[in-house]
Amino acid sequence: MLGAFFAILYYVATLILVIGVGARIRTYVKVPAPLIIPTQPAPKTRNGVFWRMFREVVFFESLFKSNKWTWVFAYAFHMSMWLVVARHLRYLTQPVWGWVEIVQPFGTYAAFTMILGLLGLWGRRIVVERIRYISNPSDHLMLALIVGIAVSGAMMRFVAHTDIVAVKAFFMGLYTFRIGHFPSDPVLIIHVSLVALLMIIFPISKLLHAPGVFFSPTRNQVDNPREKRHLAPWAEKLEG
Amino acid sequence: MAAQDIDIPKLHHPLEIPKLKCGAMADSMPYPASPAHQESVGFPGELLPDWKERALAKMKELGEKNRAFKVYLDACVKCGACTDKCHYFIGTGDPKNMPVARQDLLRSVYRRYFTFAGKYFPSLVGARDLTEEVLNEWYSYYHQCSQCRRCSVYCPFGIDTAEISMAAREIMDVVGKGQKYCNEIIGKVHKIGNNLGLQEKALRATLEGLEEDIEDDNGVSVRIPLDEKGADILLITPSADFFAEPHIEGLIGYAKVFHEAGVSWTVSSYASEAANFGLFIGSYENMQKVALRIRKAAQDLGVKRIIFGECGHAWRVAYSFLNTLAGPWDFLDPKYPVPQHILEFTWGEIQKGTLNIDKSRNDHIRLTYHDSCNVARASGMGDEVGGQFEIPRNVIKAVCNNYFDMAPDTIKEGTLCCGGGGGLLTDELMDLRTKGASPRMKALQDVTEEHGVTHMAAICAICKTQFSKIMPKFGYDMEAILSVHQLVSNALILSGQETEEDAGETAANSDA
């Protein structure tokens with residue numbers, strides 16, 4: 001019963017995530033950038049743009065320039081989240097990949113820095129007048145959702161272990177459409193339900209910042225307008 | 001006097017974060033465009049009965065034509081990184097002048113009509129209906145953005161409020177709610193060729209008068225040619241250079257540099273304007289129409305290269321967009337970039353050693369330099385990344401002994417807008433302009449205190465006009481704002497020009 005529920009939930013959530021984000025990315029690819037608008041100073045080569053984007057997504061360069069507190073919390077949260085996600089691959093692969101084994105101890109304790117980072121961001125949203133002003137209920141709910149996922153996950157790792165072998169067997173079974181037994185551990189149910197919810201709302205929420213940053217013309221354009229003529233297809237039609 | 005009524009914020013630091021003052025600037029509105037102004041730029045004369053449907057249709061269209069618009073409306077996570085970066089927010093404390101809040105004025109409507117969450121859970125995601133009240137709020141606050149892009153430097157996703165503000169203005173224009181200042185000016189360029197509506201005859205007389213002034217001052221005849229076919233260089237310069245101070249001193253500087261370089265050049269009466277306010281209203285079509293005048297002038301006059309005078313947003317349109325809007329420029333000499341900036345030319349001549357410069361002629365000036373936003377964050381200069389910061393400083397340091405930069409977080413890519421850019425340089429917005437200039441003015445006051453700085457140079461016609469009006473409110477002379485080419489002009493000794501030293505020697509010789 002529980003098994004069937006989560007099986008369907010995860011099939012649906014995965015479809016929504018993949019199709020939803022895919023469709024968004026398709027839109028971003030399809031909509032042209034009519035003018036060259038990189039925030040200057042900007043790199044003059046594709047290679048340079050690659051490194052600019054690399055610094056942006058790996059080091060959060062612009063955020064670092066902007067605000068050190070937000071950077072510390074955001075960086076702690078995001079990088080810890082990647083470690084945690086990487087660690088979770090062990091429940092979705094058999095045999096477990098070598099690098100996932102290496103990440104395992106880091107990914108385990110990253111739960112704490114992830115939660116700290118999230119609470120820091122949430123705290124700023126409540127305490128700092130300017131950020132409180134720009135926050136919508138959805139901004140708080142999104143933080144609540146991710147904190148919920150992180151805390152429930154950490155509880156299963158550090159407080160009350162769940163039957164992780166059964167959980168892995170269940171998810172591995174989904175690859176071959178075998179609906180197995182799902183442990184009726186309340187913390188596990190909360191954790192897995194919230195993750196599915198996150199996957200479902202990803203394509204309709206501000207989480208689109210993740211694919212969006214790669215399509216940001218101020219960050220991904222080469223500064224070569226005098227050397228190379230840039231023309232959007234719709235602008236080409238205006239030329240007649 | 002009205003100016004005294006403006007309470008100028010007392011900043012302890014140029015980037016001091018103010019307390020929120022909700023609604024502080026809600027009444028700030030530029031004059032609306034008259035039906036005639038609207039129609040001159042291809043927009044409906046007054047607010048249409050079906051304005052709401054048209055506004056939403058335009059919003060949809062922009063989402064299909066402009067990737068920046070689409071991505072930026074989706075990607076914001078409300079992290080707050082931009083909230084303290086806008087000079088208008090620092091100067092006014094109005095939270096709707098925080099870049100993200102300014103974007104949200106439009107994003108809230110986008111969400112309501114174009115996103116799942118906004119359609120079904122509007123209050124959860126801050127989505128709202130498009131009403132006349134919202135439209136009026138747009139009109140107020142999208143005319144409190146100078147499109148300077150400072151926020152885009154600090155946004156982790158590069159969200160550029162200028163893109164949203166341009167889109168919002170375009171949406172307002174197509175429903176019949178345009179701004180007088182911009183649209184009247186664009187109409188004049190379409191009809192006459194420059195922002196001032198200066199006819200060919202008047203322009204010729206002005207330039208001849210300037211030639212006489214130069215000869216009177218220097219004893220050497222320097223030409224400012226108009227409509228001369230077969231000249232090598234077409235100079236496109238903001239029309240303010242023809243009549244306003246200190247702009248005109250800059251124009252004299254270009255003329256002297258061209259003269260000494262021994263090149264043939266001309267101004268065009270048909271394309272007698274570098275400025276392109278089509279940018280400010282986000283109208284690709286208007287921007288292109290203005291840019292095409294330059295193409296036609298270049299072809300009619302048969303020039304080999306195009307050089308732009310000192311103007312910030314004009315340089316953005318020239319450097320970043322001209323090839324797109326009015327290219328390809330394959331009929332020009334491929335040896336030179338199209339277009340070039342006058343500072344690229346002058347710096348080249350300085351390096352070649354063609355200019356006879358006496359830096360001590362600027363010794364009465366202790367100088368700082370204001371990086372104009374559109375040059376600093378929206379254009380390049382020269383071949384190197386960051387040339388737009390280095391070339392102006394190189395030229396300044398070549399002609400001026402006493403140079404001091406303002407605080408590092410207020411210059412170069414972090415430069416603060418003058419407060420009058422983006423189509424806000426109009427008298428009815430003086431309150432906003434003064435408050436918006438206060439962070440820049442504080443940074444200036446700091447270098448005055450520390451280094452005794454007396455003057456500030458800029459390479460933007462809007463900056464120059466804005467500062468000549470604003471600086472007196474902050475304890476400076478209106479002549480404390482200078483053109484960079486004014487400094488060049490001061491220090492440049494023309495061939496055959498008799499200097500004071502020469503005069504002294506002649507006197508000494510005759511004594512002997």
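Predicted model: local features only at pLDDT ≥ 70, side-chain atom pairs only at ≥ 80, totals over all residues.

Let us begin with chain A. Its secondary structure consists of 12 helices and 0 strands, so that, by the definition of these elements, the order from the N terminus reads α-α-α-α-α-α-α-α-α-α-α-α. The C-alpha trace of chain A spans about 65 × 45 × 40 Å along its principal axes. Chain A has 240 residues, and 35% of them count as buried. If we take the contacts in chain A between residues at least 6 apart in sequence, 72% of them join residues at least 24 apart.

I turn now to a single residue. Ile102(A) belongs to helix 5 of chain A, which covers residues 98-127. Is Ile102(A) buried or exposed? Ile102(A) is exposed, because 11 other C-beta atoms lie within 10 Å, and a residue counts as exposed at 12 or fewer. Arg87(A) is 15 residues away from Ile102(A) in sequence, and their C-alpha atoms are 8.9 Å apart in space.

Finally, the two chains together. In chain B, 58 residues are in contact with 54 residues of chain A. Several helices of chain B give two or more residues to this side, among them helix 3 (51-65), helix 6 (99-114) and helix 15 (312-326). Helix 4 of chain B provides the largest share, 6 residues. By residue type, the side of chain B that touches chain A comprises 30 nonpolar, 16 polar and 12 charged residues.

Technical notes: Residues numbered from 1 in each chain as written. Chains lettered and ligands numbered in written order. Contact = placed C-beta atoms within 7 Å. Helix = DSSP H or I, 4+ residues; strand = E, 2+ residues; numbered from the N terminus. Nonpolar A, V, L, I, M, F, W, Y, C, P; charged D, E, K, R; others polar. Buried ≥ 20, exposed ≤ 12 C-beta atoms within 10 Å, placed from the backbone.
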